[in-house]
Amino acid sequence: MAIENNNVVALNYTLHTIEENGEKTFVEETTTENPLTFLYGVGMMLPKFEENISGLNTGDKTSFTLAAVDAYGERDDRAVAQLPADMFKETGLPPVGEVLPLQDNQGNQFRAVVVEVTPEAVVADLNHPMAGKTLNFDIEILAVRPATEEELSHGHAHGIDGTAGH
């Protein structure tokens, strides 16, 4: 079965970033025991990622590169927040490099990385960690199946076989 909208796809991937000098840097990979499983065509994945695996079948392998603009966008140097130090009275000031779970006024959750800590403020970078990066994926399709009605109504896959709970 070829990958198309409303299919559940299970795949393995190895992700590298490609530096300006062409050097690859390993980021992460999945395993057959714990593959990436998702509902294709509903906006869960990067559009260009889906475009590159469209029509593939179980057992197919592919490699592709996404420019930053087609992945998580370019870095925005203005995407920095000055969080008042008193926000951290109960937990203590976080160290540089810590990832902070944040929420905006509309309830959207996101993460920021601490880039500086002063007695008055914690400076957090709001860019996605992969912003500005060229991404290289090596993909192997493990399974493709039609989504169940429940998966379609929930908007996400329930595991490789459709029986995984929430």
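Select Arg145 first: at 15% relative accessibility this residue counts as buried, a term that means under 20% relative accessible area with a 1.4 Å probe and protein chains only. The model is predicted, with local features needing pLDDT of at least 70 and side-chain atom pairs pLDDT 80 or more, while totals for chains, interfaces and linings use all residues. Residues are numbered from 1 along each chain as its sequence is written, and side-chain values use heavy atoms, without hydrogens and water.

Next, display strand E9 (residues 134-146), which holds Arg145; strands are DSSP runs of at least two residues, numbered from the N terminus.

Now show the side chains of Arg145 and Glu151, which make a polar contact at 2.7 Å. A polar contact is a pair of N or O atoms within 3.5 Å; within protein, one must be able to donate a hydrogen and the other to accept it, and residues adjacent in sequence count only if both atoms are side-chain atoms. The Arg145 side chain also reaches the backbone oxygen of Ile160, at 2.9 Å.

Strand E1 (7-18), strand E2 (24-29) and E9 each give two or more residues to the lining of the largest pocket.

Notes:
Helix = DSSP H or I, 4+ residues; strand = E, 2+ residues; numbered from the N terminus. Buried < 20%, exposed > 50% of the residue type's maximum accessible area, 1.4 Å probe, protein only.
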